[in-house]
Amino acid sequence: MFKLIENEVIKMISKKRLMFVFAILIVLITIFAYGQNQSLARTKAQLSQRMGVTATDDWRKLADQQIIDIKNRLDSPYMDEKSKSSSRVRMEQLQYNLDNNINPLEQSAAKFTTIFMQQAIFLFLPLLIIMLSSDMVSGESSSGTIKLLLVRNVPRWRILLSKYLALLILEVLVVFVSFVLAAIVSGFFFGFGGWFAPVATGFKVLAGQLDSTGVRNVPQWQYSLMVYSLAFFVAFVVGSISFMISVLVKSTASSIGIIMSTLVAGNFISFFLADWKITRYLFMVNLRLTDYLSGSFQPIEGMNMLFSVTVLLGWAIASMIISFVYFTKQDILV
Amino acid sequence: MLKKSMWYTILTIASVGFIVLAIGFYQAIIVTTAVNPQPTSKAAVPQTTPNSTKLPSKNANSFKVLLLGDSIAKGTGDENSKGFAGYLPDYFKNSTAKDILVENAGIDGLESIGLLEQLQSQKLDKTLADSDFILISIGGNDVRRILSLNDLAKEDQFKVRLDSYLANIKQTMKSLRKANPNSIVIFLGLYNPYEKANSVEDIRLLNTWNYDTQQLVEQDGKGIFIPTSDLLKFNLGRYISKDGLHPNSAGYQAISNRISKSVETIIAGS
């Protein structure tokens, strides 16, 4: 069994596809970091043009003023209890910036690494995973090597399982490498720090409204760990689904086509999410798990972290069952 | 051999990574679903109505000003964190010898619907009834959201927003007058804090907003509308604070000065 998995992983590596994925990651992250750098410079230029040259260095004054304002706001007896915790969280962040001399305008490697995955989680990361998974089985069919695989004295389910576990290993690898690459590449642009800055999280949806009573700060490293873990979960789900498609469909091209068009369609469909209830059970619209962490999602009654995770898990399990049943029962005619 | 060692490296990274990611995933779930970690009862202290020993102003040697509405009423942006609450008494003092007490009930980010809810909750009724002057600043947050739209969408959205705003203000004035039929209501107009937003279209929208507001406010016999856009138009650099939105200390003083001049005779006579 162990030998089989090793065999599959080595096969993937020698096919150079993994290297290809990493290469794409490097190129994209570099472009992204460069772009962020540019827009940062532009924002600064605009600010200093509008508010005088020193405005960007004057952030301390501004932060001081904001803290005083928030303090006053917290003391006000007319203040809504609900919005108090987000004010408190904001104040903590400002205080941290002051204490550690961090200009909030500046980007940091930690911030960039997190933002990168938050942007990548619903389309880019799934596409990378699809590149790896969609020909795991169909590739063997189209090249005819599946015969050689199946005549060995190993039960079919074991062969499939070893392929699946190999895929899982590669998924971890992709998530891990994208983290390392993002952290290193952006480090050259923005400096390597920022891992201990506080980030607000803990938003919930109550009665269709964003509820921020539970908001609190976590350090950036923990936040980005959570983001990348969610990304891995997404990779696992998308990997399972495209693995199933690659079992069902004989040609690699159509396997990639099917899963890719599904993903892209998900972006359109999320448009109807609020009104058309059944769409929320599709896996594509539930991929933006990190939005639940950052509180940047469109609040929809009934959709929360647990719901999305359950839906995704359901899809993953169902596709695993279908793949195994189909693979062990099908006739191989090559 | 190379392949062998590569395989073990990959396997190690994968298993360690898997465990770490599993922990992170668990944390993410907990953070987004856990019940509120902060004790909510902690902050419930300052609910007492401020200054419960206040005297009805008619036979006291003081009069009271209530600040209602958004961050501008509250004084956000003033680097000395005084705002109207700090400066109005200074300027009023020139016209009267009485003590001036200010009650600040401004809330950052309040929209007209929020103000209406605040009044209708009747928590403020007692404070309202005791006030001689009520300063209201509202509407900026209603408008702000449509500013980034393109011209066509802006026009449509503006109409919708303006209508709901006017309806809210009408109701607000009604609740206010129910609690206190005699106080002077000072209503601040909107100004344009953005140098960029000065296309013909933007100016027209701002003027329509202010004009309709003024119509409504001054239907009330004891309401006065104080424009601010003219005061700030050429003085943005001087009167707008670093956040680029609220007045700064000098800005609050300038507006306070204007308000005090407008109600000078009333203060002197009361």
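This is a predicted model: local features need pLDDT of at least 70, side-chain atom pairs count only at pLDDT 80 or more; totals for chains, interfaces and linings use all residues.
Okay, let's start with chain B. Its secondary structure comes to twelve helices and five strands. Of its 270 residues, 35% are buried. If you take the contacts in chain B with a separation of 6 or more, 78% of them are between residues 24 or more positions apart.

Now look at helix H11 of chain B, residues 249-262. How far apart are its end C-alpha atoms? They are 20 Å apart, and that agrees with the 20 Å that 14 residues should span at 1.5 Å a residue. Which residues of H11(B) are buried? Gly251(B), Tyr252(B), Gln253(B), Ile255(B), Ser256(B) and Ile259(B). They pack against helices H3, H9 and H10 and strands E4 and E5 of chain B.

On to the cores. The largest nonpolar core has 86 residues, and Ile121(A), Leu230(A), Ala231(A), Val234(A), Ala235(A) and Val237(A) have the most contacts inside it. Helix H10 of chain A, residues 220-248, gives the largest share of this core, with 19 residues. Take Val237(A): leaving out residues up to four places away in sequence, Val237(A) touches Phe283(A), Leu312(A), Trp315(A) and Ala316(A).

Last, where the chains meet. On chain B, 34 residues are in contact with 43 residues of chain A. Helix H1 of chain B, residues 2-33, gives the most to that side of chain B, with 17 residues. By type, the side of chain B that touches chain A has 17 nonpolar, twelve polar and five charged residues.

Conventions
Residues are numbered from 1 along each chain as its sequence is written. Chains are lettered from A and ligands numbered from 1 in the order in which they are written. Two residues are in contact if their C-beta atoms, placed from the backbone, lie within 7 Å. Helices (H or I, at least four residues) and strands (E, at least two) are DSSP runs, numbered from the N terminus. Ala, Val, Leu, Ile, Met, Phe, Trp, Tyr, Cys and Pro count as nonpolar, Asp, Glu, Lys and Arg as charged, and the others, Gly among them, as polar. The expected span of a helix is 1.5 Å times one less than its number of residues. A residue is buried if 20 or more other C-beta atoms lie within 10 Å of its own, exposed if 12 or fewer, and partly exposed in between; C-beta atoms are placed from the backbone. A nonpolar core is a set of buried Ala, Val, Leu, Ile, Met, Phe, Trp, Tyr and Cys residues joined through C-beta atoms within 7 Å.
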